[in-house]
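Open the model in your viewer and keep the selection tool ready. The tour goes from a single residue pair out to the whole assembly.

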2 protein chains.
Amino acid sequence: MTVVQENKSPESVQESLHVVQELLRKHQLVESLVHKQQGPKHDLVESLVHKQNLAELRAKLDELHPADVAYILESLPLDQRLLVWDLVKAERDGEILLEVSDAVRETLIESMDSDELLAAAETLDTDEIADLAPDLPQDVIEELLQSLDARNRARLQSAMSYEEDSVGALMDYDMVTLRDDITLEVALRYLRRLGELPDQTDKLFVVDHEDALKGVLPLKRLLIHDPDALVSDVMVDDVVLFHPEDEAHDAAQAFERYDLVTAPVIDANNHLIGRLTVDVVVDYIRDASESEKLGLAGLREEEDLFASVWKSVQNRWAWLAINLVTAFIASRVIGAFEGSIEKLVALAALMPIVAGIGGNSGNQTITMIVRAMALGQLQPTSARKLFLKELGVAGLNGLIWGSVMGLIAYLLYSNIALGAVIMSAMTLNLLLASVMGVLIPLFMVKAGRDPAVGSSVMITAITDSGGFFIFLGLATLILL
Amino acid sequence: MTVVQENKSPESVQESLHVVQELLRKHQLVESLVHKQQGPKHDLVESLVHKQNLAELRAKLDELHPADVAYILESLPLDQRLLVWDLVKAERDGEILLEVSDAVRETLIESMDSDELLAAAETLDTDEIADLAPDLPQDVIEELLQSLDARNRARLQSAMSYEEDSVGALMDYDMVTLRDDITLEVALRYLRRLGELPDQTDKLFVVDHEDALKGVLPLKRLLIHDPDALVSDVMVDDVVLFHPEDEAHDAAQAFERYDLVTAPVIDANNHLIGRLTVDVVVDYIRDASESEKLGLAGLREEEDLFASVWKSVQNRWAWLAINLVTAFIASRVIGAFEGSIEKLVALAALMPIVAGIGGNSGNQTITMIVRAMALGQLQPTSARKLFLKELGVAGLNGLIWGSVMGLIAYLLYSNIALGAVIMSAMTLNLLLASVMGVLIPLFMVKAGRDPAVGSSVMITAITDSGGFFIFLGLATLILL
């Protein structure tokens, strides 16, 4: 008896990757030998070794979970990736395409022709096809639509029409429904007749003859109650449910908060049209947090680790351009004070300190505020309290760190007024950072934008230019 | 019939918060009236209104899900939070303490005496008590241990001993086990006799007489197979399972990859000791991504939105200090070139541009690499490929943006050599950023540290000081 199929334990997907890489290395060794020695006899021997090698690789891939094959494809450079992709059984292509990241999916789909893509898509459920659709060529989608029956065609069309981050885009159609006027015994017989239950099923959906949702029957309750009881007596009628146009973000919070495994999705007329499952929600949560992290560093999208230089440059372009513009503005602020710097060159050395601490502190404030906003915890009544708190923190930090730097500046340049100027400038820039750290996200929400995107660039731009202006301005007024 | 209990739909937790805030506002109005008008008659009237008001608030809280009460507590300033906390039924204290964040939990626990804490903890399961334990006073823990039976005491002690981010710290003990030599019919009768199944149960654990795991029986299979079949014929014996010392991070990846709802946790002798559930994994994923985000901005821990100024300063202190040190080093680099700046003051205005673009680009590289490392996708064999790619991206960006800035510098200062210097300096600093962006995380992993923490500060420190040095150094060599 094997309790664990070893290749499914969390560590061993990396072991699988190593096995595949080892086989690929051997394969490439053979390849290069074939190229070097062209005699007919050698050819035969090598091609036998070669074939055996590929057969081994194929066998290894066949025994892996689709998610693990996806992982391996992601971890391989493009040439090896396509070689492995060719060895994967055609009927598994669909499920693996679902598992890889968008960037890698693009490279795989590029290597397939329309027939292969069609065959791959036809192994999938409608909601899964809809997930692939944005990456599929138009002619494949047309053919797919024609190959489906009316009900599934309608589903695919509506699934493709939902906005990316809506519940509709995440839901599937694997609902098991039943009526409320039958006994549990009948329900149990019905399930046995069905012969299969969709993955993640933790509850059945109770509907009336028009498919309107009346409640849910958790499997737990089905199992523990008397088989003679009626579904209507055992079902639960206070249900956490969603509409397809609800935001995925809110649905994810509800899944977290109420520890859901599945939840029904209904339309405006209370008709059951799909269900949301926790595995999809987990993927969504992960994706959302990944893209937020990437966004913070100005990577427009998930980047294929082995993308070409040119593709990577494009992915990182916009961010560098924006930062260059803000740096240029800061540079012009300094330019306006060139006369002062010429007279007291210490200003040039000290000014980045004033700008830097403002940026760091402002980013701390913004991170706090954006987080509170994402959780919906920032109430108008508490905004004022927060504002005062952030001002307090900034003021205190300004006095502490400003004094430290003021003292150091005095010791370095034996100029007590210069020490006083840098201390005042740091405090003022920290206050500016805290005010803007609260205002920028509030303002972005008012303007209907996501405060997590771009707030950081804005605060840094302001505290840089502002810091240079405050410090050089004060110095010009007081010292010169 | 109510299909949705309105307070459970995702939007309405914020509505509940508004209701509570409205009631609090009324309450405080009454309070302030009582303070102003001291006559005995007024006292009576006001205290009646007062009581009615609190009763309303208490009723509202009673009907809310514990997670929603937790959410409301998080969103309220300290005085209101404690007022609401007092109104929550004592028997719900435990489950609500589990739901709030660490920072807020601290404020709530501070307001409770030992007896209240003991009563709250006693309503919880052993694994839940272990989650609270770090925040409980030692005497409460002692008393708790004494109040438990031997089995649960042993469980609590071992649960408290697991490392924070291990599977052991996340698992619970709510397993339903059965033998493999019974029929499904018998299993079904057993479940009915149990009368209850733990939340999230999607499978039963099949064990031998010594509690060694032999397989799992998914409820799905229990439901669809013939009741006369034996558990041993229907159970699944390739199981994704964990050990208590496994890292939570790896377990979370396995849950995502294999779409798990629950999984068994076994000890070294294959004995079933607990189970991991998806709701806990979801919370873990969310917490880990939150603290990473907070860490990026240098917030040491989740901050209570309404923490005191002093507490907040402490939370943000270390980061500002580190950044101040790196800024000071950069400032000293500039200081070394004060002579050059005095001769050509344009250098002071242009130098932040060179430093800035290096920092931005380096952070992009680091974000990519750290992400690939977290997914375990960075293989030694592919590191060289990645390195070359990042150098290529940096070189190309350097030529493009360097030329743009070189041209602008030439137009501003009519000095063609200055334009050439800034272009070369930007390219060199971008190359430095890409090299360090790959090396820093690799080095941190070698040193056994988490590359996500601190990499960003290090790269910025290097590209700042390095950028100033390269630009001012080149300028001194070529222009002066």
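Which residue in β5(A) stands opposite A:T262? Select A:T277: that is the residue facing A:T262. This is a predicted model, in which local features need pLDDT of at least 70, side-chain atom pairs count only at pLDDT 80 or more, and totals for chains, interfaces and linings use all residues. Residues are numbered from 1 along each chain as its sequence is written, while chains are lettered from A and ligands numbered from 1 in the order in which they are written.

**Stop 1: the hairpin**

Strands are DSSP runs of E with at least two residues, and helices are runs of H or I with at least four, numbered from the N terminus. Now take β5(A), residues 272-277. Five of its six residues are buried (20 or more other C-beta atoms within 10 Å of a residue's own, with C-beta atoms placed from the backbone; exposed is 12 or fewer, partly exposed in between). Five residues lie between the two strands. Among the hairpin's residues, pick A:N270: its phi is positive, near 70°.

**Stop 2: the cores**

Select A:V354, A:I422, B:V354 and B:I422. These have the most contacts inside the largest nonpolar core, which has 118 residues. Such a core is a set of buried Ala, Val, Leu, Ile, Met, Phe, Trp, Tyr and Cys residues joined through C-beta atoms within 7 Å. A separate second core holds 84 residues, including A:V231, A:V234, B:A252 and B:V281.

**Stop 3: all of chain A**

The C-alpha atoms fill a box of roughly 90 × 80 × 45 Å along the principal axes. Of its 480 residues, 43% are buried. The radius of gyration is 31 Å, whereas a compact globule of 480 residues would have one near 23 Å (taken over C-alpha atoms; the globule rule is 2.2 Å times the number of residues to the power 0.38).

**Stop 4: both chains**

Bring back chain B. Last, select the interface: 111 residues of chain A are in contact with 112 of chain B (C-beta atoms, placed from the backbone, within 7 Å).

Conventions: Pairing = 2+ DSSP bridges. Contact = placed C-beta atoms within 7 Å.
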